[in-house]
Amino acid sequence: MSAVLPTAAFLYERVRRVIPPIEWPSFVDDIDAILALKRERNAIILAHNYQTPEIYHCVADIVGDSLALARKAVTVEAQVIVVAGVHFMAETAKLLNPNKTVLIPDLGAGCSLADSITAQDVRLMRQSYPGVPIVTYVNTSAAVKAESDICCTSGNAKAVVESLGAPRVIMLPDEYLAKNVAAETKVGIIAWKGRCEVHERFTPADIRELRAAYPGVIVLAHPECPPDVVTEADFSGSTAAMSDYVEREKPPRVVLMTECSMSDNVAVAHPEVEFVRPCNLCPHMKRITLANIRVALEENRHEVRIDPGIAGRARRSVERMLSI
Ligand code: 13P
Ligand code: SF4
């Protein structure tokens, strides 16, 4: 263990409500090392809202939902960006920072949505629906983004769809996000059959049981949940929108129908709110740890590279989204 404990000891104050004291010593050495490595390497860490609290609150420089991470990636001045998130997030950061070193600590941090569709699938959709614009969720590979007209995230999907001025659009690859957006817009939506393996497991029965067991609980659901779950919830929005809801409304009791770490991360700032915590783990997000962030910075791995023939077209789809 490192003898340099003071910084990490100070950080524990932030997370003591969500990390038990017995677990904390196992994080201290890596936290101190990562903070020093960031200074040495002129590096910053972008962390998604689903990262564990010791990453999110103790070593990350920029946190947020996919949209916030993409927006803030454009403003980064550091030369090295470590993405504590999944591979498509690291690719998005690289697309927006082609001259910087972008690292992902574990190449296996994928996404069931990104795996559900290929560039060839998108080309076939374009052939099947000539002239219909293709909106692609950022949870996709750069190759898929390159075949698309514009990207969206859960935070801006409806705005992106409506910005195109088309009577109908193709929305790939999340079937449930597409159906949830379709319920809120007059634009016709043609969906794909991708699913988030985390959110597809929530059911309306889960919500009814929670309401019975925890009277008054406010239910917030991510729009990757099935439409009948979103309908039963009190509010639906991106991870940032859920966090903003708690900040704004301060519900006495709340449940977030989403990935497990989200409640921990939001709970840190809201001791007055009771978080009911049935949740589903994202095995991909959980591949990122303090230990592999440290190794990423020590050994410069794994560097994200995107085929230049793909990168330009993929960047255009992301930048078009960011301009909305
Ligand atoms: P957000 O953009 O809402 O953070 O969602 C990303 C994601 O992967 C949700 O499963
Ligand atoms: Fe992909 Fe779902 Fe994990 Fe988000 S939670 S990274 S959509 S598998």
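These legends walk you through several close-up views of a predicted model.

**View 1. The surroundings of ligand 2.** Welcome to the shell of residues around ligand 2, which includes Tyr-50, Val-86, Cys-111, Ser-112, Leu-113 and Asn-139.

**View 2. A sheet built from β1, β2, β3 and β4.** Here you meet an open sheet of four strands, ordered β2-β1-β3-β4 and paired in parallel. The edges are held by β2 (62-64) and β4 (101-103), and each has a single partner strand, so one side of each is left without a neighbour in the sheet. From one strand to the next, the twist averages 20 degrees.

**View 3. Where β1 meets β2.** Zooming in on one pair of strands, you can follow β1 (residues 43-48) alongside β2, with three bridges linking them in the parallel sense. To find your way, look for Ala-47: its bridge partner in β2 is Val-63.

View 4. Helix α4 (residues 66-73) lies across β1 and β2, and runs at about 150 degrees to β2. Helix α14 (residues 290-299) lies across β1, β3 (80-84) and β4, and its direction is at about 160 degrees to β3.

**View 5. A sheet built from β9, β10, β11 and β12.** This view shows an open sheet of four strands with parallel pairing, in the order β10-β9-β11-β12. Look to the edges for β10 (235-236) and β12 (274-276); each of these has a single partner strand, so one side of each is left without a neighbour in the sheet.

**View 6. Where β9 meets β10.** Strand β9 (residues 218-221) runs parallel to β10, and two bridges join them. A handy landmark is Leu-220, whose bridge partner in β10 is Phe-235.

View 7. Helix α10 (residues 204-213) lies across β9, β11 (253-257) and β12, running at about 165 degrees to β11. Helix α12 (residues 239-249) lies across β9, β10, β11 and β12, and makes an angle of about 155 degrees with β9.

Technical notes. Residues numbered from 1 in each chain as written. Chains lettered and ligands numbered in written order. Predicted model: local features only at pLDDT ≥ 70, side-chain atom pairs only at ≥ 80, totals over all residues. Heavy atoms only, no water. Near = heavy atom within 4 Å. Pairing = 2+ DSSP bridges. Contact = heavy atoms within 4.5 Å. Axes fitted to C-alpha atoms, helices over the stretch in contact; angles between N-to-C directions.
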